Amino acid sequence: MSARLPSVLWLTLVWVLLWGTFTPVSVVGGVLVAVLVTALFRLPPAIDRLPVRPLRLLTLLLFLLWDLVVSGAEVSWQVLRRGPRARGAIMAVPLISSSDLVVTVMANAISLSPGTMALQIDHAHDVWYVYALGPRDHAGVERARRRVVDMQRRVLAALGSPDEHAEAERLLGRMS
């Protein structure tokens, strides 16, 4: 039960927020629903742990905030300038991590940025496909690709293992 406690607390909080009232009935109801849900739908245990580097994680969070603002402005500009003629590109980008947890964070970081979205992750070929709004020529696609690779590097620097980080730098150095 102690392993499920964070999930029970989180689900209870979500339940109470969804009801919009903080009453004993809503809290008890939330606890009951949370215990039932965590008992019926058990998550598999996480096999690998992320080595969190607080300073690099803070740098990543600040970069994500900056990217959110810049990408939001770029998407707004595309919509205002091009309207329905705005173009997008689907590009193959090398996947520089083999850790499912790191790749999940990478995909969420990319998809958090307005105008980009992770479409498919192909672990067999170490590539993922990303949609980007805005590129109109080959140079624009390359800029968008470098931006995705840069985001991957930042996530890997914050959450990847040193071996994984060294392997990614070797892979990216071979590609440039």
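How many helices and strands does the protein have? The protein has six helices and three strands. This is a predicted model: local features need pLDDT of at least 70, side-chain atom pairs count only at pLDDT 80 or more, and totals for chains, interfaces and linings use all residues. Residues are numbered from 1 along each chain as its sequence is written, and side-chain values use heavy atoms, with hydrogens and water left out.

**Fold and overall shape**

- Along the sequence, the elements run α-α-α-β-α-β-β-α-α. Helices (H or I, at least four residues) and strands (E, at least two) are DSSP runs, numbered from the N terminus.
- The radius of gyration is 20 Å, whereas a compact globule of 176 residues would be near 16 Å. That radius is taken over C-alpha atoms, and the globule rule is 2.2 Å times the number of residues to the power 0.38.
- Along the principal axes, the C-alpha atoms fill a box of roughly 60 × 45 × 30 Å.
- Take the contacts between residues at least 6 apart in sequence: 68% of them join residues at least 24 apart. A contact means heavy atoms within 4.5 Å.

**Surface and charge**

- Of the 176 residues, 32% are buried. Buried means under 20% relative accessible area, exposed over 50%, and partly exposed in between (1.4 Å probe, protein chains only).
- The protein exposes about 11,500 Å², and carbon and sulfur atoms supply 68% of that area. Accessible areas come from the Shrake-Rupley method with a 1.4 Å probe; for residues, only the protein chains shown count as cover.
- There are 18 positive and 13 negative side chains. Lys and Arg count as positive and Asp and Glu as negative; His and the chain ends are not counted.
- The centres of the two charge sets lie 7 Å apart. Each charge is placed at NZ of Lys, CZ of Arg, CG of Asp or CD of Glu.

**Salt bridges**

- Side chains of opposite charge can pair when their charged atoms come close. The structure holds six salt bridges. The criterion is a side-chain nitrogen of Lys or Arg within 4 Å of a carboxyl oxygen of Asp or Glu.
- Arg-147 and Asp-67 pair at 3.0 Å, N to O. Arg-147 lies in helix α5 (residues 138-159) and Asp-67 in helix α3, so this bridge ties together parts that are 80 residues apart in sequence. Arg-147 is partly exposed at 33% relative accessibility, while Asp-67 is buried at 6%.
- Asp-150 bridges to Arg-154, with the closest N and O atoms 3.1 Å apart. The two sit four residues apart in helix α5, so about one helical turn separates them. Asp-150 is partly exposed at 28%, and Arg-154 is partly exposed at 29%.
- Arg-170 and Glu-167 meet at 2.3 Å, N to O. They are three residues apart in helix α6 (residues 162-175), so about one helical turn lies between them. Arg-170 is partly exposed at 43%, and Glu-167 is partly exposed at 40%.
- Shared partners link salt bridges into one network of Asp-67, Glu-74 and Arg-147.

**A buried arginine without a salt bridge**

- Arg-82 belongs to helix α3 (residues 54-82).
- Arg-82 is buried but has no salt bridge. The nearest side chain of opposite charge, Asp-137, is 9.1 Å away.
- Leaving aside neighbours within four places in sequence, Arg-82 is in contact with Trp-77 and Arg-136.
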